[in-house]
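Here is a short briefing to read alongside the coordinates. Keep the viewer open and follow along as we go.

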Amino acid sequence: MRNIISVFPKRLRESCEKIDFSEITDIRISQGKPLIFMGTSTELETNEILTSEDIETIVGNATENSLYSFMDNIREG
């Protein structure tokens with residue numbers, strides 16, 4: 001799970017450094033809302049409100065700035 005955090009902008013990575021990822025199964029990313037980490041029996045809401053720039057950075061980093069080449073993966077979930 002820590003590898004996932006590497007795609008976040010620096011300010012978000014810094015706010016996630018102390019999170020225990022052992023039970024995290026899902027990350028919720030929505031513009032204008034806080035970054036939320038979901039686990040089997042827990043929900044951790046950060047104080048970081050996501051901007052459109054944050055989401056663009058996350059998607060760009062996760063797709064190596066080539067969203068088109070990752071479209072099949074995205075469609076498959």
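T63 sits in the loop between α3 and α4 (71–76), where helices (H or I, at least four residues) and strands (E, at least two) are DSSP runs numbered from the N terminus. T63 counts as buried because its relative accessibility is 7%; buried means under 20% relative accessible area, exposed over 50%, and partly exposed in between (1.4 Å probe, protein chains only). This is a predicted model, in which local features need pLDDT of at least 70 and side-chain atom pairs count only at pLDDT 80 or more, while totals for chains, interfaces and linings use all residues. Residues are numbered from 1 along each chain as its sequence is written, and side-chain values use heavy atoms, with hydrogens and water left out.

**Around the end of α3**
- The side chain of T63 reaches back to the backbone oxygen of V59, at 2.7 Å. Such a polar contact is a pair of N or O atoms within 3.5 Å; within protein, one must be able to donate a hydrogen and the other to accept it, and residues adjacent in sequence count only if both atoms are side-chain atoms.
- E64, which follows α3, has a positive phi, near 55°.

**Helix α3 and D54**
- D54 belongs to helix α3 (residues 52–62), and it is classed as buried because its relative accessibility is 6%.
- Its side chain reaches the backbone nitrogen of T51 at 3.0 Å.
- Beyond its neighbours within four places in sequence, D54 is in contact with P9, R11, L12 and I49, contact meaning heavy atoms within 4.5 Å.
- The buried residues of α3 are D54, I58 and G60, and they pack against α2 (10–15) and β3 (43–49).

**The largest pocket**
- What volume does the largest pocket have? It comes to about 280 Å³, where grid points are joined across faces, edges and corners and a volume is the space filled by probe spheres set on the points.
- A pocket here is found on a 1 Å grid over the protein atoms alone, as an open set of points where a 1.4 Å probe fits, with protein on both sides within 12 Å along at least five of seven lines; lining residues have an atom within 4 Å of a point.
- The lining includes F8, D26, I58 and V59.
- α1 (2–5), β1 (24–28) and α3 each supply at least two lining residues, and α3 gives the most, with four.
- By class, the lining has nine nonpolar, one polar and one charged residues.

- G39 is in strand β2 (residues 34–39) and is buried, with a relative accessible area of 15%.
- Setting aside neighbours within four places in sequence, G39 is in contact with E23, I24 and T25.
- D20 lies in the loop between α2 and β1 and counts as exposed, at 57% relative accessibility.
- The side chains of D20 and S22 make a polar contact (3.0 Å).

**The whole chain**
- The chain has four helices and three strands, in the order α-α-β-β-β-α-α.
- Of its 77 residues, 29% count as buried.
- Among contacts between residues at least 6 apart in sequence, 29% join residues at least 24 apart.

Note on methods
Nonpolar A, V, L, I, M, F, W, Y, C, P; charged D, E, K, R; others polar.
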